[in-house]
Amino acid sequence: MIAIPPPNVTGVLHMGHALNNTIQDLLIRYKRMDGYDALWIPGTDHAGIATQTVVKKSLDAQGLDFKTLGREKVIAKIWEWKQKYGDQILNQLRRMGCSCDWSRTRFTMDEGLSRAVRVAFKRLFDDGLIYRGKYIVNWCPVDKTALSDDEVDTTPGGEPGHLWYFRYPLASGAGQLTIATTRPETMFGDTAVAVNPKDERYVHLIGQKVRLPLEGREIPIIADDYVDASFGTGCLKVTPAHDQNDFQIGVRHKLPQIDAMNDDATMSDVVPAPFRGLDRFACRKAVVAEMEARGLVEKIEDRMVPVGRSYRSKAIVEYRLNDQWFVKMKPLAEKALEASAAGRVRFFPERWDGIYRSWLENTRDWCISRQIWWGHRIPAWYHRSTGEILVDTETPARVAADPGSWRQDEDVLDTWFSSALWPYSTLGWPEATADFAKYYPTSVLSTAKDIIFFWVARMVMTGLYNAKDVPFRTVFIHPVVCDEQGETMSKSKGNGIDPLHVIEGATREDLEGPAREARPSNLNEVLARIAKSFPNGFDGVGADALRFTLVTLATEQQQISLALQKFDEIGRRFSNKVWNAARFALTNFAEIPSPETGETEPKLEDRWILGGLDRCVAEVRRSFDAFRFDEAAQTVYHFFWDELCDWYLELVKPRLVNGTPAERRRVQLTLGEVLSAVLRLLHPIAPFLTEEIWGHLHPKLASGALIPPGDEPLFNADLCATAPFPKDKGRFSEALLNEFERLREIVRAVRNLRATANLTERTAVEVRLRPMRAELLASLRAGAGVIERAAMTGSLAFVDAKPERMATAVVEGVEVYVDLAAHMDLGAEKARLLKECQKIDAYAAKIEQKLSNERFVAGAPADVVAAERERLTEARAKRAKLDEALRELS
């Protein structure tokens, strides 16, 4: 079973969704065809902050004030919006071919899932693992809510900023103390200056006071081991209400806690005029200007400053003192670590296991309360007089009996809290349902690396706590989808590719839309690239081509570099090949000889293709089971294109066209088995194409008795989706493979020699073979028919010595001789080749002259110089081939 990572109810399909859901659908279809009870539960997440923001913008556009409407009416409006737009992304997944059990679609705000949230909250609270307290939290001033540490993004190395050195006068008037800060606006919340007790520069000042500039309030100089004497001046301004570390210092020294900001990051009423009410960054400028005017700025240093930003709004977070609800993570993390060490949860690729474990080992308590209205309201009630707290899954009887004396907590739970219960709440937990007993733990989670901490770790922790087992056995981390320059695709960059444009097609204006909306700095460059590549838009390639391309590119690397052209080059091209080959086969199944006519014994090529099929089946199964989906796609691709189409179909055409009924039936049996198996191998990746072809092929195989022994279940498989996944029948032989590969090398050698003489493929040339080992003669004689048909020889014979006037090639164990002279004017051909050599030499000389010019190499763009060098390399390679052709003529 797989529980779909629930996309946000506000979401629209993007390439990350397309890749992840293709992988899940592939796994489900594969296991379903292999006889498993494969359940894939779909659903969406209520996405608290995102959804409330979307609806608020809609209300603003209608002239409706969010706060005036009040909580109940706003929630009703959000439900209306959800009913109208909330299933958009699920409908898009259907268009991609996702085979979820849509009758089981869930939503994190469904009543059953909401009850699961309340039960989990109460259990954790009763066990002392959820608590409420006044602590420093990450605060988003745009969404006006607390955030967990994992919801805050930081840029490695920090962002450009400054370190201001301010002079704080000593209250005694005997001098001043210089402090260094990156956030001048928080000085109005300062309640002490701390120094390291071992810092001899300041030991004599401990216990004295400084006067806070711009305000006049006196604050103490204290000693604390936390202070880094080497940072700045070694004097730390302590702001307990605006910094996590300062908060801990304040607790140790029992310092006052002054909140200098409002929830929108404007300066609060405790701040003196004229700074009161200013935006935090406007206040910063005003503070610095006033300090400079008073001569209290010692210096300003440019430096990279660690800055946290909300992962959703991208606003710089503030650290605020606030009453919030928290989950104690350490006890839960210890259980998750034990499960990981025991191998109960495995990561693919394995490197992610270490990152996951590192987070568990260093996790901090999780702030789970959010100051919004849309979401699961915290099931806690406060007595208005005594402050007593009641926590329950439903309204407590005492509250119902005296509602005027109680109030429910206004906050809702972090969206990730309900998401952490998803694998088992979707199966009916906390009730002991039949689905929960049958499907929990689930089998696989496929997800992206960026939510290992948000979601994966928390599901494991809550699963072990609530459901008494891990929520899944395997976690597959798929690569991140990037553009062709290696940049992560995002709406803000305007570089995303809409999967529906790939499937259904798009005008040039459609393709330009994301970039025009985002307006990146290189907008003109992006628009020029689109205009050049897609002047008339992009023709849709269909869902199968989309899926096949994504799977093919999803290697174990951390990212996929994707351009729109890839879907044409890989997906559409292969889909067309499959369709054309199937059409050829179906045409040759129009008349099927009666089984009573019998069939001839399999020829060498029949045995070779069936052995290759079994090898392909084994490798695809091995790759699917190892989560190497790219290898599975490549295996099917190369078997179908390189072996079935390029060789087998060409070799059997004479039997299909001119063969006896028994010969035709042998080919039909073999081709039917191979094509049927390939369609089933490919079906988990490309369901629409394979199902369409299956609908035409299966009736012919069944009615013509072309289903081989051992595949009898196929008689009743009207759908490819319900047909059994192919199994390895053990017909692959390394010896047969080597034998046939030698024949193919001989054919290639003949073709190459014919090409060097500028002869057409249809020119029937005389071929002679000289085995270099006696034991090869029998197999070569057995494969002579393959060589004659594939190489289109005029005649083929075996010799003991090289014939005169024949071109030579050597393959493994065999010398190949081809009579080219009989088909060409050697003198004219030599003259032609020499003329070509002169042209190439002149062309190469010009390039060499250009590259020998130091001014050109130094002044031209690097890509231009690289292109010239590439042209020179190509010219030299062509010259080498001409030399080889001249040697053959000699």
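Trainee: Over the ring of which residue does the charged end of Lys-31 sit?

Mentor: A charge sits over a ring if NZ of Lys or CZ of Arg is within 6 Å of the ring centre and within 35 degrees of the ring normal. Here the charged end of Lys-31 sits over the ring of Tyr-36, 4.5 Å from its centre. Likewise, the charged end of Lys-468 sits over the ring of Tyr-465, 5.5 Å from its centre. This is a predicted model, in which local features need pLDDT of at least 70 and side-chain atom pairs count only at pLDDT 80 or more, while totals for chains, interfaces and linings use all residues. Residues are numbered from 1 along each chain as its sequence is written, and side-chain values use heavy atoms, with hydrogens and water left out.

Trainee: How many aromatic pairs are there?

Mentor: A pair of aromatic rings is described by the distance of the centres and the angle of the planes. Rings of Phe, Tyr and Trp (its six-membered ring) pair if their centres lie within 6.5 Å; planes under 30 degrees apart count as stacked, over 60 as edge-to-face and the rest as tilted. By this rule there are 35 aromatic pairs. Trp-79 and Phe-107 form an edge-to-face pair, because their ring centres are 5.7 Å apart and their planes lie at 80°.

Trainee: Is Phe-107 buried or exposed?

Mentor: Buried means under 20% relative accessible area, exposed over 50%, and partly exposed in between (1.4 Å probe, protein chains only). Phe-107 is buried, with a relative accessible area of 3%, whereas Trp-79 is partly exposed at 28%.
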